[in-house]
Amino acid sequence: MRTSLFLDAVDPWVNWDWLSNHVPYVLAAVQEHVTLTLIAVVAGLAISLPLGVLAHRWAGLRFPLLTVFGIFYTIPSLALFAFLIPYTGLGGTTAEIPLIGYNVLVLVRNVLVGLDGVPADVLDAADGMGYRPFARLVRVELPLALPAILAGLRVATVSTIGIVTITAVIGLGGLGQLILRGLIESFHTPLVVATVLSIFLALVADLALAGAQRFIVPWARPA
Amino acid sequence: MTRLLRPGLWIQAIAAVALVIAACGGSSPSAPAKGTIVVAGFNFPESSILAQLYGQALAHDGYTITYKLNLGTRKVVAPALESGQIDLYPGYAASELEYFNSLKGEATADPVATTAKLNTYLKSFNAVALNPSSAFDGNAYAVTKATSDHYNLKTLSDLTPVAGQLVFGAGPECPTYKFCLPGLMSVYGLHFKQTLTLDTDGPATRAAFKNNTIQVGLVFSTDSDLQSLGLVVLQDDKHMIAADNVVPVIRTKVATDEAKKVLNKISAGLTTTDLFTMNGQVELQHMDADAVAKTYLTQHNYFS
Amino acid sequence: MNILQSVWQWVTDPAHLSGPDGIPTRLGEHLHLSIESVLLGALIALPAGIVLGHYGRFGNLAINISNVGRAVPSFGILVIAFQVFGLGDLPIILALTALAIPPMVTNSYVALREVDPDVKDAARGMGYRELAQLMRVELPLAIPLIMAGVRTSAVQVVATATLAALVAGGGLGRYIVDGLARDDQPRLVAGALLVAGLALATELLLAGLQRLLVPRGLRLLKTPAVERATSIKAA
């Protein structure tokens, strides 16, 4: 099984010249990538928190919610992006709908796990202290659910950063554009640079959120 | 309470940094622009070059250009134009006609007539094709030198008797593209042993040639690396390929007299040799499509 | 709904049920890629995770490798594999294997670490030697979490194998890529539904396998109603 590097020696894996001449191009791609990711994660959280709270309250909501989003989760992102193009065009909306949908599943699950995990006696104590339901939710239950929610944010963020590269196939994609270009032009450098940067972004996000987790809930076991 | 605030600040700091990254940059040029034009290209290098040529010329004339390069096949790019998602793409007259007329077979070897016919269909989409260039790039069918010697193949007609022994490779749009499988079957009666879906004249097709996974493959007539790959292009003796001259297809809303003048000027000066040369710079020397386009425009004094 | 009708027509069309681009063929290709990748990944990841977890050594290394592994974009790694190894199944399987490894390493490591030390003490006290302790005491207790890792990997690989079509590979992803390229919506949606169905089937099958393998005593323990999301969606 010979491995043949079937491209010429003209093309090293990283052409540093090219890289130093293309810093703005690469940075613009990183920027687009970060933007798409941020929107997907923040919107996902904004949707998942109320949904998770509702599903926690009304047991009947839980199964349908998790099932619907769970099924959505199994659909490959490439197919969803391609499918949406005739309806939502070639812009950020087409990219964000699947990204947000995937994140909702991850985050709702973790919101539920977090809220489920609040000990009954803590709830009792809060009730005894006179907390009304909404205040109890915001000041007791959600803070205790934070470790699980943050863990979910980590998973959602790392996933999103990876899937955003695939949006290149519909004309977006941030770093995915460099990967696509590397493929089409048989050019190593943008491909390698984009892959490494994508890994780097995901690791930084993961570590930052893990660090935040340790800060906010130092008593909790790391997820 | 204060304890919660401190780590909360931490998260806010991270979020702020991320938002700054997302928000900064991408500011619009200070000079009043003539409006935005979204320029798209197909998913092969020559299209990126052409898109850059037209786009940069328009940008020099004061328009704000957004690029959507490597967007996909004609079946992705053309609908995007129809729906207004993009405003301009560099098309190839005959292929655009056979797309918009649903494979009716009206394209001829005359680029002007072909483009005129194309425009009759484009009208209903609020789009127009401008003047066709003399620069031509059509589908070409190549075999390896070994295959050519073995079966004595020089033209596509030579393939007809032996096609059943050969494996053909092309891109995913080939089965529905007039100048690909439908044309090969109807004009030359080619029925290959097997058809593999690889990519449109991309690295997978070249790799497949190299390890003999395919013996016949779709390439483009302006590809610069055919000789170095040892590929022989078979002659289209029955003239299946029609006038695939480069022609910018634009939405009427951006087809101002000014824009049309700029674009037609580029098309008028562009030659097939230019395509060949620029393709070589991108495919073989890994230069950027935008840099190559810029050099061309500068050398031809479009920027003065 | 019209689109469901057209998808149904597409899927039941005899032309799509045979031949090199037919559903059975593409399904077979997809399974081939997925199964080989998960097996190869398990071959590497499970022993590594189990041994590291048993000895409690290099835990941080294991977790960190996994974290980096989770952060790798599948599109990028597939294209890199294609550029190194060219056409064929090998580059795709290698790339998918790399993606399959992290969840299995993490889960098996954590699974072994979480075995109650009292149980291990008891086993040692009963005279179990190292290997026997591992095989007959620790592993059975660790199986639920290990299998969860394998399940996660498998579903991930099935979903990510769709991207193989972007580098001229086969499998069900071919329908998605070709559907996009030809503006053939029934093909595209059929491909998406087939992959989703396969992923669900994989999940159910391996969940069933997990139930078979978990010792009865453990199975009777209460399992949480909702499981935390720990796996990364890679495609």
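This is a predicted model: local features need pLDDT of at least 70, side-chain atom pairs count only at pLDDT 80 or more; totals for chains, interfaces and linings use all residues.
As a reminder, strands of a sheet pair through backbone hydrogen bonds, in either a parallel or an antiparallel way. Here, β5 (residues 139-144) and β8 (residues 216-220) of chain B run antiparallel and are joined by five bridges. Within that pairing, B:Val143 has B:Val216 in β8(B) as its bridge partner.

B:Tyr141 lies in β5 of chain B and B:Phe168 in β6, residues 167-170, so the pair ties together parts that are 27 residues apart in sequence. The ring centres of B:Tyr141 and B:Phe168 are 6.0 Å apart with the planes at 45°, so this pair is tilted. What is the relative accessible area of B:Tyr141? B:Tyr141 has 2%, and because the cut-off for buried is under 20%, B:Tyr141 is buried. B:Phe168 is at 0% relative accessibility, so B:Phe168 also counts as buried.

B:Phe168 brings us to the core. The largest nonpolar core has 226 residues, and B:Phe168 is among those with the most contacts inside it, along with B:Ile86 and B:Leu159. Which helix gives this core its largest share? That is helix α5 of chain C, residues 89-113, with twelve residues.

Now B:Ile86 in detail. Leaving aside residues up to four places away in sequence, B:Ile86 touches A:Leu90 in chain A. Within chain B, the residues that B:Ile86 touches include B:Val38, B:Ala40, B:Leu71, B:Val77, B:Ala80 and B:Leu81, as well as B:Lys68 and B:Arg251.

Back to aromatics, over all chains. The count comes to 15 aromatic pairs. One of them is A:Tyr73 with A:Tyr102, edge-to-face, at 5.8 Å centre to centre and 90° between the planes. A:Tyr73 is in helix α3 of chain A, residues 59-74, and A:Tyr102 is in helix α5 of chain A, residues 92-116; the two are 29 residues apart, and the pair links distant parts of the chain. Are these two tyrosines, A:Tyr73 and A:Tyr102, buried or exposed? Both are buried. In chain B there is also an aromatic cluster, formed by B:Phe42, B:Phe44, B:Tyr89, B:Tyr92 and B:Phe220.

Chain A has nine helices and zero strands. Its C-alpha trace spans about 75 × 40 × 40 Å along the principal axes. Of its 223 residues, 58% count as buried. Of the contacts in chain A with a separation of 6 or more, 76% are accounted for by residues 24 or more positions apart.

Next, the disulfide. How many are there over all chains? The count comes to one. It is formed by B:Cys174 and B:Cys180, with the sulfur atoms 1.8 Å apart. The link of B:Cys174 and B:Cys180 is left-handed, with -80° about the S-S bond. B:Cys174 is buried, at 2% relative accessible area, and B:Cys180 counts as buried at 0%.

Last, backbone angles. Most residues other than glycine have a negative phi. Which values do B:Asn70 and B:Ser102 take? Phi is near 50° for B:Asn70 and near 55° for B:Ser102, and both values are positive. B:Asn70 is in strand β2 of chain B, residues 64-72, and at 7% relative accessibility B:Asn70 counts as buried. B:Ser102 is in the loop between α4 (93-100) and α5 (111-122) of chain B. At 60% relative accessibility, B:Ser102 is over the 50% cut-off and therefore counts as exposed.

Key
Residues are numbered from 1 along each chain as its sequence is written. Chains are lettered from A and ligands numbered from 1 in the order in which they are written. Side-chain values use heavy atoms; hydrogens and water are left out. A nonpolar core is a set of buried Ala, Val, Leu, Ile, Met, Phe, Trp, Tyr and Cys residues joined through side-chain atoms within 4.5 Å. Buried means under 20% relative accessible area, exposed over 50%, partly exposed in between (1.4 Å probe, protein chains only). Helices (H or I, at least four residues) and strands (E, at least two) are DSSP runs, numbered from the N terminus. Contact means heavy atoms within 4.5 Å. A disulfide is a pair of cysteine sulfur atoms within 2.5 Å. Two strands pair if DSSP finds at least two bridges between them. Rings of Phe, Tyr and Trp (its six-membered ring) pair if their centres lie within 6.5 Å; planes under 30 degrees apart count as stacked, over 60 as edge-to-face and the rest as tilted.
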